[in-house]
Amino acid sequence: MLFQQHHIYQIEPQNETQTQTPMAAGDRAAIRINAILQAALEQKASDIHLEPQRDGLLIQFRCDGVLEPFCKETIEMQPLILNRLKVMAELDSMERRLPQDGHMAIRFQEQQYDLRVSTLPLFQGEKIVLRILGQQEQLRRLHELGFTAENLAKVEQLLQMPNGIVLVCGPTGSGKTTTLYSMLAALRGTGKNIVTLEDPVEYEMQGVNQVQVNERTGLTFARGLRSILRQDPDIIMVGEIRDLESAEIAIRLAYTGHRVFASLHTGDALGAVNRMVELGIAPHLLASCLNGVIAQRLVRKQDNGMLQGRIAIQEVLVCDDTVRDYMSRYERFLAHKQEISLRYASLVDDGKQKVIQGLTTMQELKAVLGPCI
């Protein structure tokens, strides 16, 4: 069963006798949640979806980017499971009309995980989604992320630049945070004060000062960034640039001599420039401090004819004088995007190369990048 110990819930193996013994409704819900979480962790799921339906509660796991059914709980168990999860995540169990966000910590096989918990009122009832965030075993070194030799050399070049900003781009679930952490890991132990601002802190890193955003207490991205500036930082990692205020502060930090690494939701490397300008950053200011952009996706990996696990496909744009000149005059940048894109291997190029190497399939590449590649 699950039990709480200093707000960490322990996942214990199921006991056959225990599951057959009559017990209170709350205990039955705890056992079912234990079983669901155990199965999700064993299958290395990134998300758990609990979706109310007319005939029960559909449980689905997202594994390797694909959402697949796991089981369906009875209509009687539906409110018991959902309410207990809300209590575990320290949410208001009586609130069913408004969305809520929370988190909880669990321990399984000597490993601790943090779960982000999101509720959403639906017409059929209340849906809960759990995002599973692992700890240290997910922290990889740069050469383990699937970069080609050329792209890895470009990333290492970006890490050596004394100031400016590097953006890591892609949709949700594309591995941006893993790449950012691997870059920070390469910079640890260099006599630099490294500070991060994240929502939430996904991996705990020794030697890095990590700040977790908390909107409820007023610790927003913008306020956190302003405070970090007074902490004598050398290297700053921003979990995500979300709006003009956070973009302006990140650019100002880069412009005043700091090294800044941040994520941004865009489709490709050149789209990051469009997005920053659309947010309101002046093109000439962006051109003066943007060192480069890494864009990436995750595709399922082929191993002995089976698709299991995922591998990244990437494109790396290093901003040289020519690119900066185009960028500073935004109309010229838009007119010459095709020319700029020829200066580096695109996501499609990288993906096709990995298909040739047998690391993934063309079908998988089309599923991620679109059918017209």
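**Figure 1. Confidence along the predicted chain, from strand β1 to strand β9.** In this predicted model, confidence within the chain is lowest in strand β1 (residues 3-5), where the mean is 43, and highest in β9, where it is 98. Taken over the chain, the mean pLDDT is 90, and 95% of the residues reach 70 or more. The values stay under 50 over residues 1-6, although the model does have 21 contacts beyond four places in sequence for this stretch. Where pLDDT is low, the predicted coordinates should not be read in detail.

**Figure 2. The open sheet of seven strands.** The strands follow the order β11-β10-β12-β13-β9-β14-β15 in an open sheet whose pairing is mixed. At the edges lie β11 (209-212) and β15, each of which pairs on one side only, and the twist from one strand to the next averages 15 degrees. Strands of a sheet pair through backbone hydrogen bonds, either parallel or antiparallel. The parallel sense is seen between strand β10 (residues 194-198) and β11, which share four bridges, with Val195 standing opposite Asn209 in β11.

Figure 3. Strand β14 (residues 290-303) and strand β15 (residues 306-318) run antiparallel and are joined by 11 bridges.

Figure 4. Helix α4 (residues 149-160) lies across β9 (164-169), β13 (259-264), β14 and β15, and its direction makes an angle of about 55 degrees with that of β15. Helix α14 lies across β14 and β15 as well, running at about 135 degrees to β14.

**Figure 5. Packing of helix α6 against helix α7.** Two packed helices are described by the angle between their axes and the distance between the axes. For helix α6 (residues 221-228) and helix α7 (residues 244-255), the axes come within 9 Å and cross at roughly 20 degrees. As that angle is under 35 degrees, α6 and α7 are therefore roughly parallel to each other. The crossing in which α6 passes α7 is left-handed. On the α6 side the contact is made by Phe221, Ala222, Leu225 and Arg226, and on the α7 side by Glu245, Ser246, Ile249, Ala250 and Leu253. By class, the residues of this contact between α6 and α7 divide into six nonpolar, one polar and two charged.

**Figure 6. Packing of helix α13 against helix α14.** The axes of helix α13 (residues 347-356) and helix α14 (residues 362-369) are 9 Å apart, and the two helices pack at an angle of about 160 degrees. With the angle over 145 degrees, α13 and α14 are therefore roughly antiparallel to each other, and their crossing is right-handed. From α13, the residues Leu347, Val348, Gly351, Lys352 and Val355 meet Met362, Leu365 and Leu369 of α14. The residues of this contact of α13 with α14 divide into six nonpolar, one polar and one charged.

Conventions: Residues are numbered from 1 along each chain as its sequence is written. This is a predicted model: local features need pLDDT of at least 70, side-chain atom pairs count only at pLDDT 80 or more; totals for chains, interfaces and linings use all residues. Side-chain values use heavy atoms; hydrogens and water are left out. Axes are lines fitted to C-alpha atoms, for helices over the stretch in contact, and angles run from 0 to 180 degrees between N-to-C directions. Angles under 35 degrees count as roughly parallel, over 145 as roughly antiparallel, 65 to 115 as roughly perpendicular and the rest as oblique. A crossing is left-handed if the near helix is turned anticlockwise from the far one by less than a right angle, and right-handed if clockwise. Contact means heavy atoms within 4.5 Å. Ala, Val, Leu, Ile, Met, Phe, Trp, Tyr, Cys and Pro count as nonpolar, Asp, Glu, Lys and Arg as charged, and the others, Gly among them, as polar. Two strands pair if DSSP finds at least two bridges between them. pLDDT is the predictor's confidence in each residue, from 0 to 100.
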